[in-house]
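Please read this briefing alongside the sequence and the structure. It is arranged by topic.

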Amino acid sequence: MLRHAFRIAWKDLRIEVRSKEIFATMAFFGALLAVIYTFAFPRDDAAVRGAVAGMLWVAIAFTGTIALGRAFDRERENDTMRALLLSPVPRLSVFLGKAMAMAVLILAVAVICTPLLALWLNAPLFAYPGELALAIVLGVVGIAVVGSVFAATLLKVRSRDVLLPVILYPLLVPLFVAGTKATASLVALHPNLDAAHYWIGFLGIYDAAFLVLSLWVFESLVIE
Amino acid sequence: MAALDRVQIAKVGKRYGTERALASVSLELRAGSMCALLGHNGAGKTTLLGVVSTLVRPSAGAVTYLTGDTKVTGADVRREIGLLAHASLCYGELSATENLELVAGLYGVPANAQAIAALLDQVGLDPRARGREARTYSRGMLQRLALARALLTKPSLLLLDEPFTGLDRGGALALGEQLGALKAAGAIVVVVTHDLEAIAGRTDHVAILRRGQLVLEERTEGRGAYSYDDLKDLYHRHAS
């Protein structure tokens, strides 16, 4: 199953490397958010430490939604999602492959946005790089997993661009809360590693729970 | 996995909300036979192909796929299905060759460069276009690529929805000949089309749908194939 999932993810990334369409849009939007935050917030150390976690996760959330919408639109253009579902590979491989590609794209943008915020706001985002990286990776995996299920389900719905965030964000609220809390604990004036580990653990449990749920419901949601 | 030799469609119905697309359709598709699935626009032909292709879940009834007396299910059924749909089912950002390599990988079909080139020759896709992204293709070229995609896996159940769309007269005739050859080789071929001329002389099974209901199912029962006049007459008498 994983072999086919990697093949599907590789196909998505290969198309993206060729077109650069989604990544360019996401990276531009992420960088733009970082610029706006830089001008909108005072360069006061306490204010930056209090707000930078939220800034980072808002950037991840918004760019993630762009990636999900456009990547699944691509599967709609020539009805290629039907082609994937018709193939003999387990339908869960299709879901996993799409989610993997999504995760790589969102992570790539997080890799751009995080240093930009750290640099322009002089925020101590890299005080605990290992913990921060783990929080971001787990958060991105959660967005990719939950988002891929709903983006695939809404593929045939006309108002999918509006519906996707409306359905997705409420489900992702716990993930964003945990991600923001974990990051805030790491960048605080007095970092609280125990709190950060707690919220990172929460992200891990969230991912595991939604991965199992998504694997369970994906096929029944995507077949007409 | 052995090839499919029968598909039994039993009392299949499909509703989209309050809209009825299919109502209790029963039909048997057999190996070595070409079924022309006819009807006006909106009669339910594409929905029925969707149900048979496993991509649309019926609201009522069931489709059974058989090899001898053994039921075939799941991925084993999908491996045996070749689908040519309204859309090309190919990625515009990949070339013809890359699209076919992807399909071969997903189906576990050995397909080297020569095999892919031979298949693209067979469907008549210009060799100069094969390395280009498929989004630059004309409608007819895309249709040829879509056909190559459907044939690559050597399916025993071939479902074709308006396969002659976008093809020039020569291309349509060549496709008709290929479908005849597949039928002769023992495949189950189902063609949804309004181009009766292209399938005349090859179709030995006709099913006509009207507003979601099967109003005619008829076979030549070993008496060759339907002529154009036969098909036209059946269509005009039963489709409206």
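The model is predicted. In it, 23 residues of chain B are in contact with 20 residues of chain A. Within chain A, helices α7(A) and α8(A) are roughly antiparallel to each other. Within chain B, helix α5(B) is mostly covered.

**Contact between the chains**

- By class, the side of chain B that touches chain A has 14 nonpolar residues, five polar ones and four charged ones.

**Helix pair in chain A**

- Helix α7 of chain A covers residues 160-187, and helix α8 of chain A covers residues 193-222.
- Their axes come within 8 Å and cross at roughly 155 degrees.
- Angles over 145 degrees count as roughly antiparallel, and α7(A) and α8(A) are therefore placed in that class.
- The crossing of α7(A) and α8(A) is left-handed.
- From α7(A), the contact is made by Pro174(A), Leu175(A), Ala178(A), Gly179(A), Lys181(A), Ala182(A), Ser185(A) and Leu186(A).
- From α8(A), the contact is made by Ala195(A), Ala196(A), Trp199(A), Ile200(A), Phe202(A), Leu203(A) and Tyr206(A).
- The residues of this contact divide into 12 nonpolar, two polar and one charged.
- An α-helix has 3.6 residues a turn, so residues three or four places apart point the same way.

**Helix α5 of chain B**

- Helix α5(B) runs over residues 139-152, which makes 14 residues.
- At 1.5 Å a residue, α5(B) should span 20 Å, and its end C-alpha atoms are 20 Å apart, so the two values agree.
- Of the 14 residues of α5(B), 11 are buried.
- Among the buried residues of α5(B) are Met141(B), Leu142(B), Leu145(B), Leu147(B) and Leu152(B).
- The buried set of α5(B) also includes Gln143(B), Arg144(B) and Arg149(B).
- The buried residues of α5(B) pack against β6, α3, α4 (113-123), β7 (157-161) and α6 (169-184) of chain B.
- Lys154(B) follows α5(B) and has a positive phi, near 50 degrees.

**Positive phi in two loops**

- Lys20(A) sits in the loop between α1 (2-19) and α2 (21-40) of chain A.
- Its phi is near 55 degrees, a positive value in a residue other than glycine.
- Lys20(A) counts as exposed because it has 10 C-beta neighbours inside 10 Å, and the cut-off for exposed is 12 or fewer.
- Thr54(B) is found in the loop between α1 (45-52) and β4 (60-67) of chain B.
- Thr54(B) is not a glycine, yet its phi is positive, about 75 degrees.
- Thr54(B) has 19 other C-beta atoms within 10 Å, so this residue is partly exposed; a buried residue needs 20 or more.

**Glu162 of chain B**

- Glu162(B) lies in the loop between β7 and α6 of chain B.
- With 17 other C-beta atoms within 10 Å, Glu162(B) is partly exposed.
- Not counting residues up to four places away in sequence, Glu162(B) touches His86(B), Val192(B) and Thr193(B).
- Glu162(B) and Thr54(B) are 108 residues apart in sequence, and their C-alpha atoms are 19 Å apart in space.

Methods: Residues numbered from 1 in each chain as written. Chains lettered and ligands numbered in written order. Predicted model: local features only at pLDDT ≥ 70, side-chain atom pairs only at ≥ 80, totals over all residues. Contact = placed C-beta atoms within 7 Å. Nonpolar A, V, L, I, M, F, W, Y, C, P; charged D, E, K, R; others polar. Axes fitted to C-alpha atoms, helices over the stretch in contact; angles between N-to-C directions. Helix = DSSP H or I, 4+ residues; strand = E, 2+ residues; numbered from the N terminus. Parallel < 35°, antiparallel > 145°, perpendicular 65-115°, else oblique. Left-handed = near helix turned anticlockwise from the far one by under 90°. Expected span 1.5 Å × (residues − 1).
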